[in-house]
Structures are given as C-alpha cells and as structure tokens.
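Subject: Structure handover, aromatic contacts

Hello,

I am passing on the structure below, together with notes on its aromatic contacts. Please read the notes alongside the coordinates.

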Amino acid sequence: MSTDDDEQQPLEPAVGPAPEGDPEFHPYHHPAAGWGAAASVSRFLTREGAPVDGPRAIMRMNHENGGFDCPGCAWPDDTKGLHLDICENGIKHVTWEMTRKRVGREFFAAHSVTELSGWSDHDLENQGRLTEPMVYDPESDHYVPISWKDAFEVVGRALRELDDPDQASFYTSGRLGNEATFLYQLMARELGTNNLPDCSNMCHEASGRALQASLGTGKGTVDLKDWESADALFILGVNAASNAPRMLTALAGAHRRGAQIVHINPLVEAAATRTIVPHDFTDMALFRTTRTSTLNLQPRIGGDMALLRGMAKAVLERSASDPRALDREFIERHTAGFEEYRARCEATSWEEIETQSGLGRADVLEAARVYGEADRTIVTWCLGLTQHEHGVDTVREIVNLLLLRGNLGREGAGPSPVRGHSNVQGNRTCGIDHRPGDAFLDRLAEVCGIEPPRAHGLDTVQTIKAMRRGDVKVFVGMGGNFALAAPDTPATYAALRTCELTVQVSTKLNRSHLVHGRRALILPCLGRTEKDHQRKGVQSTSVEDSMSMVHLSVGMKRPASPHLLSEPAIVAGMARAALPGSDTPWQWYVEDYDRIRDTMARVLDGFEDFNRRVRLPLGFRIKQPARELVFLTPSGRAEFSTAALPDVVPAPGTLALGTMRSHDQWNTTIYSDNDRYRGVKNLRTLVFMNRADMRERGIADLGPVDITSTAKDGSRRSLNGYLAIPYDIPRGCAAGYMPEMNVLCALDDYSTQSDQPIMKHVKVTIVPAA
C-alpha cells in the first residue's frame with residue numbers, strides 16, 4: 001500500500017489467515033445454502049474443536065424456551081417459531097464466540113504489541129477469548145493485567161480531566177444490546193456530549209435520513225408476515241446469501257407461491273439464483289432446489305437510482321392509457337409533491353436513464369412491468385445503495401416508486417432496509433445518535449434527571465478527523481473493530497494513535513487493540529451466548545431486528561472467564577468513575593436489567609410496558625407511524641422527492657469500485673481466505689473485473705495488478721500486487737473485499753447527503769502490476 005499523504009502512518013498487515021494453497025477461481029454454479037453450507041459448517045466446527053458443542057448450541061441458544069436466536073445478522077426470527085431457522089454464518093458466529101481458546105496475561109506477556117501488529121487479523125481473533133482487563137505498558141510494549149476497579153478509574157480520571165466533554169467520543173457497534181446501549185448514551189449525555197458515532201454512520205445512515213424525510217420514520221415499515229404475502233419483491237444491492245442468509249427462506253417461499261422476485265445488483269450473487277433451505281429436510285434429502293429469482297438485472301455501480309426513475313417513468317407513461325397504473329386515491333389523500341415528481345420523471349429522458357443505469361430500456365420496462373402488475377410490492381436494499389454520494393436520493397426514489405401504487409400501509413407492501421449486525425437498529429432506537437431530537441432529549445432530561453447537551457455531536461468520519469486534530473482525546477469503542485471498519489485505514493490509525501486514551505470493550509483480540517492511544521485499555525465482556533449473572537439472578541438483554549421486532553436474548557453458556565463483566569456492568573463502572581457526583585443509580589440498574597427497561601419504557605417511544613411485552617413469544621414490534629399512514633413530516637403526508645439523476649458513468653480509463661464482504665467473513669471477522677459463493681479459494685487480495693475491461697488493460701486472468709484511487713481532493717492511494725479475477729460484472733465496474741480495500745476510500749470521500757464514507761463508489765484505475 002502507498003499513499004501520497006505524508007502525515008499518514010504506514011499500514012500494518014490486515015489480511016486473513018495464511019493461504020492453505022495456491023489461489024484458485026472456479027465460477028460457482030451450485031445452489032445457495034443446502035449441502036454446501038452444511039459441509040462448510042461441519043469443517044468449521046471440526047476446525048474450531050466444537051463438533052458437539054456447536055450443534056448443541058444450535059438447538060438451544062439465547063431463547064429461554066429453546067431455539068436459536070442468532071447474535072449475528074438482524075434478520076427477524078421466523079414468525080412460526082421455527083427453531084431451526086438458522087444459517088451457516090450464524091453458526092460460525094456463535095462457534096467463533098464459544099471457542100475454548102483463551103487470551104490471558106500469559107499470552108500478552110509472551111507477545112509485544114509490536115510483534116502482534118505483524119500478525120494477520122484472522123490470527124489475532126483466532127487466539128480466542130479475552131479473559132481479564134489489560135492496560136498498555138509503553139515501557140515494555142506489552143499489555144499487562146489491571147483490576148477492574150483500577151481500569152474504571154483510568155477511564156474516569158481521563159474523562160474528568162478533559163477541558164471539554166466534547167473531547168471524548170463514544171463509538172458503538174451493532175452487537176451492543178438495548179439495555180447497555182441506553183446506559184451508554186445516558187453516560188455520554190450526563191458527561192455533556194453527543195459524540196456518539198456508530199456503525200450506522202458507515203452503513204445505513206442514508207436509509208434513515210431518506211425514510212425520515214419521505215415518511216417521517218427512519219425505519220422500514222414491513223415485517224416478516226408482509227414478506228410472506230407480497231406479490232413482488234425487489235432486492236437491491238444485497239448479497240443475501242452471505243449478509244442475511246435467512247432471507248433465503250423467505251425468497252424460496254415467495255417463489256413457491258408464485259411471487260415475482262427481482263434481484264438488482266452489479267454482481268449476480270448466489271442468492272439470486274436458487275437455494276436449498278437447510279431446515280427443509282425433504283429438499284435436502286432429495287437435493288431439490290428452489291429458485292430465488294424471476295429476474296436478474298445488473299446496473300452499473302451507482303446506477304440503481306436511474307433504474308428506479310425509469311421504472312417510475314414507465315408507470316407514469318402507462319397511466320395515460322391505464323388509470324389503474326397509479327393509485328390516485330392514495331396519492332391524493334396521503335402524499336405531497338406528486339405533480340413535481342411527475343414533471344421530474346417526464347423531464348428525465350430515456351437516453352439518460354439508460355446511460356446512467358447501464359441497462360437497456362427493455363430491461364427497465366420489464367422491471368416496471370413486474371412492478372405494475374403486482375398488487376403488493378416490497379422493495380428491500382442494503383449497502384449497495386447507501387454507500388454512495390447519492391445514497392439518500394436513491395432510497396427516496398424507492399419511496400417515490402412505492403407511493404405511485406400505494407405500496408405503503410397495507411399488508412405485503414412497503415420499504416424494507418436490510419440491516420447488518422443483530423442490534424444496529426436497536427442502538428439507534430435506544431439513543432445512539434449524534435444528532436438527537438429535542439423530544440427525546442426532553443424526555444431523557446425529565447425521566448433521568450440530567451441536562452443533556454443539545455448541540456449535535458460527531459459522527460464516525462468527524463470523530464476520526466477530530467482525533468487527528470487532537471480535538472478528541474479519549475475514544476471508547478463499545479464492541480466492533482473500529483480501526484479496520486473505518487475508511488482510509490492509515491488516517492484512522494494515525495487518529496487513534498493521537499488520542500490520550502483509547503478504550504476497547506471486546507470479546508476477542510483485534511486490530512483496534514494494537515492501534516491505540518498513548519494509554520490504552522482492553523476491557524473484556526461477556527458474549528451474547530454466555531450467562532450474565534447479576535445480583536438479582538441471570539439477566540437477559542433485548543435486541544431489535546431490522547423489522548422493528550424487539551425480543552429477549554438469554555445466554556446459555558458458562559462465561560469464558562470468571563473475570564468477564566457484562567456490557568451494562570462495564571458501562572456502569574465507567575460512569576461511576578467518570579461521574580462521582582451522579583444521582584443516576586448505575587449499580588442499582590446493573591443488579592436487575594428490568595430496572596433499566598422500566599426507565600427505557602418512560603423515555604423511548606414504543607417501549608411502553610417494556611418488561612411485559614418483551615417477554616411475549618417473539619417479543620413485540622415497535623409501531624411505525626408510517627405503516628398506519630401517519631406521516632411525521634412537515635406536510636403530514638408522505639413526501640415525493642425530485643432529485644436529478646447523478647452522473648455515475650466512470651471517466652475514460654477509470655472504474656467504479658465497490659467494497660464488499662466475502663462469504664467466509666462477518667464484518668471485519670475473517671474466518672478463512674475462501675469465498676465459496678464467488679468461487680474463490682485461498683485469496684483475499686483480489687479485484688473482480690469485467691473481462692473486457694481486463695483485456696483493454698492487458699490484464700491476464702489472476703494476473704497481478706496495481707489499484708489506485710483518486711480522492712475528491714486529488715490525493716491518491718494504492719494497493720499493489722492484487723490479483724484480477726474475470727467476473728460477470730458490468731463494464732466500468734470492479735469489486736473487492738473490505739477491510740483490505742478500505743484504504744482506498746479517503747477520509748474526505750463521504751456523502752454530503754448522509755456523511756457516509758463512499759465505500760461502494762471509489763474511483764480507481766487498475767493496471768498490470770509494475
């Protein structure tokens with residue numbers, strides 16, 4: 001890796017395990033899930049030494065009455081209470097957490113931070129579970145043990161000595177449960193800051209802002225029952241087989257009942273072809289596959305908005321001869337801005353739509369036909385739409401399309417963003433928001449007796465910038481692997497190293513423990529799979545899935561170490577040390593999480609009677625006003641938007657590159673160097689390219705290449721010696737894996753609409769390696 005920014009630190013290795021053989025690529029033609037997933041799980045369980053504990057956990061994990069509550073993705077639990085609605089990645093996630101390997105004081109005594117910095121990220125996490133709090137000793141360059149009391153005092157003293165509470169920033173990953181989330185934001189706001197960046201700032205911020213502007217709610221309006229009754233499903237920018245594998249069950253069911261399923265993605269992923277659902281034992285026994293799509297469209301990277309605009313234009317043109325093409329009553333009663341949107345569609349030429357989408361008019365019209373003939377349509381999307389400069393406009397265009405035919409507020413219809421980690425949506429619901437609303441702050445002040453700050457805080461990108469300037473001196477990471485997840489890896493590393501103190505609350509060793517401030521703490525916490533013993537007994541935590549269902553999760557396993565604390569206990573310990581005069585009953589809350597939930601019920605909309613409702617079978621669903629056709633927008637109606645189409649066509653000689661996960665990966669956790677669904681083995685330092693683009697540049701199959709990005713400010717960043725793989729992807733487009741390719745996304749390359757890093761639309765040149 002090279003960069004022309006002299007201030008940036010050298011980039012330490014950030015790769016998977018050492019390859020087990022030579023790189024291989026063989027196009028994947030098999031169904032998603034099925035026996036391939038079963039074999040992969042078996043190999044993984046054997047490798048991790050859990051051939052018995054793994055399957056046992058599958059049968060009874062985190063649900064008090066049995067069944068598997070996945071701590072991985074945010075796809076909802078099956079509405080029928082199906083105990084085996086599980087996936088390959090969920091099993092890997094749980095097994096990875098339940099490992100018998102341990103990282104204690106002996107390990108840290110044997111390995112310096114400098115030595116560990118040269119290890120791969122896979123090897124770091126593969127050492128096992130952290131067992132006790134550790135503090136960095138700069139004289140020896142080792143982490144050494146520290147008591148919990150002393151660790152909390154280190155945090156508390158650092159926070160108390162700040163000249164301004166905004167000199168601290170409190171990051172949250174999507175693994176944090178609702179109760180710990182609420183305490184975490186309460187601590188930050190009682191300290192006096194709204195610096196609460198989270199992983200949503202890098203993932204679905206565009207979705208929340210778009211839905212809030214269009215509908216008055218930052219969430220989707222559908223639930224899993226709607227998925228089971230929709231006539232048409234449009235799936236944009238989602239690699240479901242890896243990112244939300246349990247969606248395959250819904251897709252297979254939809255196809256069997258005759259629904260139309262349209263996948264829209266530059267790459268035709270395995271989930272967009274066919275599947276064998278593992279818990280369908282008959283299909284497994286007979287090797288019987290079910291199709292998961294009726295139409296696949298491959299727009300250019302960033303071309304989804306043009307496709308959606310073309311579909312809307314086709315619907316409007318058809319309405320001239322067929323009054324049923326539009327739901328005029330719905331539009332007149334519940335929307336604002338329709339005539340302006342109609343004019344925008346009329347002014348958008350078919351030539352522009354074809355150019356910007358990268359699709360022919362016939363393909364756009366076919367998608368419009370499917371949409372126009374369906375009585376009930378759901379549109380779902382993921383990061384393929386949001387991590388762009390125009391991400392907000394694209395999601396608003398989804399809403400525009402849905403409004404034309406009244407696909408809102410009724411069964412089987414509506415917008416449905418696919419969130420990533422298991423509680424990323426719950427984090428935002430429960431107060432992790434650097435731009436909190438006045439109504440929430442008013443209730444927090446009234447119920448909790450504090451004076452929360454009103455000024456907006458820092459998001460993820462702005463936190464990194466503030467750390468580099470020295471304006472943020474204390475960084476607390478509650479879960480996740482911030483150093484690898486963030487954009488512009490060298491800039492992020494340099495920012496973390498500028499801090500006076502970095503604190504990482506984690507279950508396993510990762511890169512963020514090695515890229516640290518002048519002082520650093522590792523605070524090990526319980527995993528979701530483990531029993532959480534407090535004074536009032538074993539506790540449960542709640543999470544919110546991507547369709548607004550809130551349910552309890554109860555750990556069933558013995559903790560990996562007697563020295564682990566729960567996340568609520570860690571937050572409370574830091575808060576007591578940082579706020580010695582606080583009237584907030586931090587320890588009382590930790591003794592019984594029902595007490596936290598009682599307070600949350602008084603602060604948070606939709607959480608009334610929290611403790612009773614969350615104990616119902618499958619929990620409860622937070623009401624979404626827009627689902628009831630109540631729109632909390634300035635007009636009191638659903639708002640059409642009228643943005644012009646962005647120019648997403650790459651300049652001559654350049655390509656649009658999008659980063660993504662491999663299949664054998666979950667966020668920044670890399671299980672192996674394989675990507676089964678894309679036919680890759682023993683390789684992560686790669687780039688997928690259109691074969692014609694490769695020929696034009698003189699690049700051979702699996703030939704080494706140099707990839708250079710050009711940022712908005714003209715600076716360049718490079719990755720050298722990657723291998724090029726010919727793939728079915730539109731001309732002018734390329735793709736590769738995060739976190740390795742995060743270095744190519746400059747810190748200043750973030751959307752002006754959502755402030756998200758533009759990780760799905762990096763401008764690059766690719767040439768044969770020098």
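The notes below cover ring pairs, a cluster and charges over rings.

Please keep in mind that this is a predicted model.

Ring pairs

The count of aromatic pairs in the structure is 20. One of them joins Tyr 171 and Phe 482 in an edge-to-face arrangement, with 4.8 Å from centre to centre and 70° between the planes. This pair links distant parts of the chain: the partners are 311 residues apart. Tyr 171 belongs to strand 10 (residues 168-172), and Phe 482 belongs to helix 24 (residues 482-485). Tyr 171 has a relative accessible area of 3%, so this residue is buried. Phe 482 is also classed as buried, because its relative accessibility is 1%.

Another pair consists of Trp 588 and Tyr 589. Their ring centres are 5.7 Å apart, and the angle of 50° between the planes makes the pair tilted. Are these two residues buried or partly exposed? Trp 588 counts as partly exposed, because its relative accessibility is 41%. Tyr 589 is at 6%, under the 20% cut-off, and therefore counts as buried.

Cluster

Five residues form one aromatic cluster: Phe 107, Phe 108, Trp 119, Tyr 136 and Tyr 143.

Charges over rings

Which ring does the charged end of Arg 613 sit over? The ring is that of Phe 620, and the charged end lies 4.0 Å from the ring centre. Arg 676 has its charged end over the ring of Tyr 677, at 4.7 Å from the centre.

Regards

Note on methods:
Residues are numbered from 1 along each chain as its sequence is written. This is a predicted model: local features need pLDDT of at least 70, side-chain atom pairs count only at pLDDT 80 or more; totals for chains, interfaces and linings use all residues. Side-chain values use heavy atoms; hydrogens and water are left out. Rings of Phe, Tyr and Trp (its six-membered ring) pair if their centres lie within 6.5 Å; planes under 30 degrees apart count as stacked, over 60 as edge-to-face and the rest as tilted. Helices (H or I, at least four residues) and strands (E, at least two) are DSSP runs, numbered from the N terminus. Buried means under 20% relative accessible area, exposed over 50%, partly exposed in between (1.4 Å probe, protein chains only). A charge sits over a ring if NZ of Lys or CZ of Arg is within 6 Å of the ring centre and within 35 degrees of the ring normal.
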